[in-house]
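Dear colleague,

I am handing over the structure we spoke about, and I would be glad if you could look through it beside the notes that follow.

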2 protein chains.
Amino acid sequence: MEGQTGQTEDNIITYPGGFKANGMNCGIKFKNNDLGAIVSEQECTVAGMFTTNRVKSESLMYSMPIVKKGRARALLVNSGNANTCIGKQGVKDARTAAKALARQLGIGGKEVLFFSTGIIGRPLPVGKIIECMPALTSGLSDNAMPVAQAIMTTDTTQKIVAEEADIDGKKVKFVGIAKGSGMISPKLATMLCFIATDANISQEGLKKTLAASVNTTFNRITIDGDTSTNDSVVVMANGMAGNSQIGCDGELFAKFGNALHSVCAKLARMLIEDAEGATKFLTITVKGSPDTRSAEGIAFAVADSKLVKTAMFGNNPNVGRIIAAVGYAKVKFRVKPDKVALRVNGIECFREGKLLYEEARAIDLKGRFIEIEIDLGSGNEEATIWTSDLSFDYVKINAEYN
Amino acid sequence: MEGQTGQTEDNIITYPGGFKANGMNCGIKFKNNDLGAIVSEQECTVAGMFTTNRVKSESLMYSMPIVKKGRARALLVNSGNANTCIGKQGVKDARTAAKALARQLGIGGKEVLFFSTGIIGRPLPVGKIIECMPALTSGLSDNAMPVAQAIMTTDTTQKIVAEEADIDGKKVKFVGIAKGSGMISPKLATMLCFIATDANISQEGLKKTLAASVNTTFNRITIDGDTSTNDSVVVMANGMAGNSQIGCDGELFAKFGNALHSVCAKLARMLIEDAEGATKFLTITVKGSPDTRSAEGIAFAVADSKLVKTAMFGNNPNVGRIIAAVGYAKVKFRVKPDKVALRVNGIECFREGKLLYEEARAIDLKGRFIEIEIDLGSGNEEATIWTSDLSFDYVKINAEYN
């Protein structure tokens with residue numbers, strides 16, 4: 001299994017066989033790409049996971065039922081406008097946009113998914129999207145860069161990952177693109193992620209492996225603890241690699257799952273690396289937990305603590321704030337402070353209910369990457385999550401964005 | 001019932017009959033008061049509520065059992081050092097400090113409560129505290145200012161409230177002091193609050209009315225969602241007003257409860273007014289809820305959202321972020337977005353699942369006070385909470401504080 005990530009023009013990542021894509025500016029944003037499409041020659045098996053926020057984008061209300069049926073040919077996406085909190089007009093606009101692409105491609109309207117990201121509450125300028133359909137489709141190519149750019153909002157870099165796996169004697173390819181750098185929390189983070197693969201896989205198998213991958217990647221990152229209304233991770237598999245169909249278990253399923261997990265993990269890390277205003281990449285591992293869920297809950301309490309995040313920004317090894325967050329995490333397991341051990345960048349600075357003051361002072365936080373390791377001393381389960389610090393620029397970006 | 005709040009030297013607030021207090025610098029901090037005492041002539045009935053954080057200050061481990069017994073004469077407190085995550089030595093140091101004050105006053109060691117606030121994880125310099133006992137006690141007076149100053153950490157102003165109530169033909173007085181401006185979240189907020197009253201009240205009655213007051217005041221504020229290890233609200237009632245004893249219900253109990261609630265509410269508001277780096281005071285009311293707990297949970301999700309808080313700091317009426325937070329609040333009641341109505345500073349900007357874009361644009365957030373009113377349209381219960389915005393200065397204060 002080999003991986004490739006592309007963020008520069010010199011390092012073009014191309015879509016797997018049968019997929020083409022494009023991105024352009026349609027005028028929702030002043031400049032930069034704000035409209036993109038990914039199109040498959042053949043019908044695809046699709047699976048998706050979506051935000052758990054009770055307030056959902058009207059674009060999701062349109063697309064979720066199609067994903068549920070498990071078949072699609074193309075995907076249209078706009079940035080700059082979330083098509084959220086619009087009411088019924090938003091669902092109509094999503095359908096209109098999807099149909100316009102379908103007509104242009106000569107396929108059925110129900111074969112096109114539609115997603116949106118950007119500002120909440122402004123009517124979608126669907127006319128601008130429709131006008132651009134001929135240009136968007138005539139420019140379709142195997143270059144993943146333009147569509148990766150088209151889904152960016154406050155992202156500073158496009159996020160693309162390519163992966164290959166040998167499955168059933170065939171070289172199966174994956175290309176994933178993602179966007180998100182704020183409003184990021186588990187379930188699922190304010191993000192869009194679209195993965196195209198030429199694997200042949202059953203709908204059941206695709207759903208199952210996607211859920212497993214997302215739960216330990218996109219559901220284990222947080223920037224600000226805010227869950228968005230538009231989060232979507234969608235995989236389209238067009239079967240053109242020619243492997244015999246992957247089911248719900250066995251060796252082929254495992255190989256496919258490993259490759260998909262790798263794509264998701266790399267993209268999830270890229271989201272944190274590009275977190276709004278971030279100067280630090282924090283890896284928080286909670287071990288020694290009686291169950292995975294408690295480990296996750298405690299790791300997220302630390303990761304979402306404004307006091308921990310500002311301390312990290314200030315290169316300030318304020319161990320007390322980490323321990324306080326461990327203490328207030330809302331989990332079912334009853335943490336025993338006496339059994340907790342804490343290491344920051346490899347230095348043990350809390351043990352047996354005591355903060356080791358001299359050791360804590362010696363912690364060097366100047367680097368970009370910070371490792372926080374918490375051992376609860378109460379079991380064998382663990383969870384690792386990734387997050388960023390809370391900086392002046394985070395405040396600036398989010399005070400001004402509208 | 002008349003109220004008085006004091007924040008300047010010109011406006012001295014004096015303790016009720018039988019109470020004296022003092023504050024001074026003992027050298028834990030470089031300058032400013034960091035040691036204080038409140039002493040009663042007569043034994044007091046006491047009640048207290050403490051942090052729910054599983055990691056608790058060693059000072060609390062010492063004092064909580066005494067408060068539970070319900071009797072005390074004096075209270076000693078230091079700032080600059082939280083005496084937390086110290087292990088057994090911390091409990092010993094708390095006992096040593098309390099005993100030193102008891103010896104100086106000629107009372108029993110178990111009649112003195114001891115509290116701490118400040119940096120976590122540094123051994124308490126108990127020697128400095130003991131050395132200052134003669135000076136601290138010789139300066140006892142009825143002026144509440146010095147002890148109010150002695151409990152400050154990042155607070156920029158001392159927080160004192162005086163209240164009077166006519167109970168059983170007697171003028172009963174209350175003086176409350178509080179500290180806290182960061183690490184503030186419900187249960188209980190990083191805060192200390194000490195209230196002295198000359199009322200005569202049973203331990204049961206005092207416990208019951210304190211719990212009721214705290215639940216709708218200190219448990220309804222949040223600055224950063226971080227819960228501290230040292231939070232304490234303690235009331236001492238020395239009975240010197242001479243009223244017949246207040247029990248657990250009836251008219252006298254109601255009058256006492258109203259006055260105590262007023263003290264707690266004013267102090268809670270002062271904490272938010274002095275929140276770290278805050279430029280805004282936000283009042284978030286959630287109505288139309290099937291139960292109070294869901295109303296509280298949704299109000300806190302909005303209040304703790306980094307994206308809502310930064311938008312408020314930027315005078316940015318980003319209604320979508322408020323609605324997104326309503327949507328992801330973890331409460332048992334299933335919010336129906338179609339029934340939700342939102343008003344910001346009196347302007348309705350979301351209704352029937354739709355954001356009212358032009359109305360939202362018209363919202364003026366330039367003032368210091370912002371009112372967010374969310375009607376869930378699903379019941380008769382409500383909750384109001386107070387919070388602050390998230391500013392550059394919040395980041396600065398917390399990046400540098402150690």
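Please keep in mind that this is a predicted model. I begin with A:Lys99, which counts as partly exposed because its relative accessibility is 43%, a value that falls between the 20% under which a residue is buried and the 50% over which a residue is exposed. A:Lys99 lies in helix 2 of chain A, and this helix, residues 88–105, gives the most to a positive surface patch, with five residues. The patch is formed by A:Lys69, A:Lys88, A:Lys92, A:Arg95, A:Lys99, A:Arg103 and A:Lys110.

The loop between strand 4 (71–81) and helix 2 of chain A holds A:Cys85, whose phi is near 60°, a positive value in a residue other than glycine. Most residues other than glycine have a negative phi. A:Cys85 is buried, with a relative accessible area of 2%. A positive phi, near 50°, is also found at A:Asn345, which sits in the loop between strand 12 (341–344) and strand 13 (347–351) of chain A; A:Asn345 is partly exposed, at 28% relative accessible area.

Helix 10 of chain A, residues 319–328, is mostly covered, with 10 of its 10 residues buried, among them A:Arg321 and A:Tyr328.

As for the two chains, chain B can be laid on chain A with an RMSD of 0.0 Å by a turn of 180° and a shift of 0.0 Å along the axis, which is the relation of a two-fold axis. Of the residues of chain B, B:Phe392 comes closest to the rotation axis, its C-alpha being at 2.8 Å.

With best wishes

Methods. Residues are numbered from 1 along each chain as its sequence is written. Chains are lettered from A and ligands numbered from 1 in the order in which they are written. This is a predicted model: local features need pLDDT of at least 70, side-chain atom pairs count only at pLDDT 80 or more; totals for chains, interfaces and linings use all residues. Side-chain values use heavy atoms; hydrogens and water are left out. Patches are made of residues with over 30% relative accessible area and no salt bridge: like charges are joined within 9 Å, nonpolar side chains (Val, Leu, Ile, Met, Phe, Trp, Tyr) within 5 Å. Accessible areas come from the Shrake-Rupley method with a 1.4 Å probe; for residues, only the protein chains shown count as cover. A salt bridge is a side-chain nitrogen of Lys or Arg within 4 Å of a carboxyl oxygen of Asp or Glu. Lys and Arg count as positive and Asp and Glu as negative; His and the chain ends are not counted. The place of a charge is taken as NZ of Lys, CZ of Arg, CG of Asp or CD of Glu. Helices (H or I, at least four residues) and strands (E, at least two) are DSSP runs, numbered from the N terminus. Buried means under 20% relative accessible area, exposed over 50%, partly exposed in between (1.4 Å probe, protein chains only). Copies are superposed by least squares on the C-alpha atoms of residues with pLDDT of at least 70 in both.
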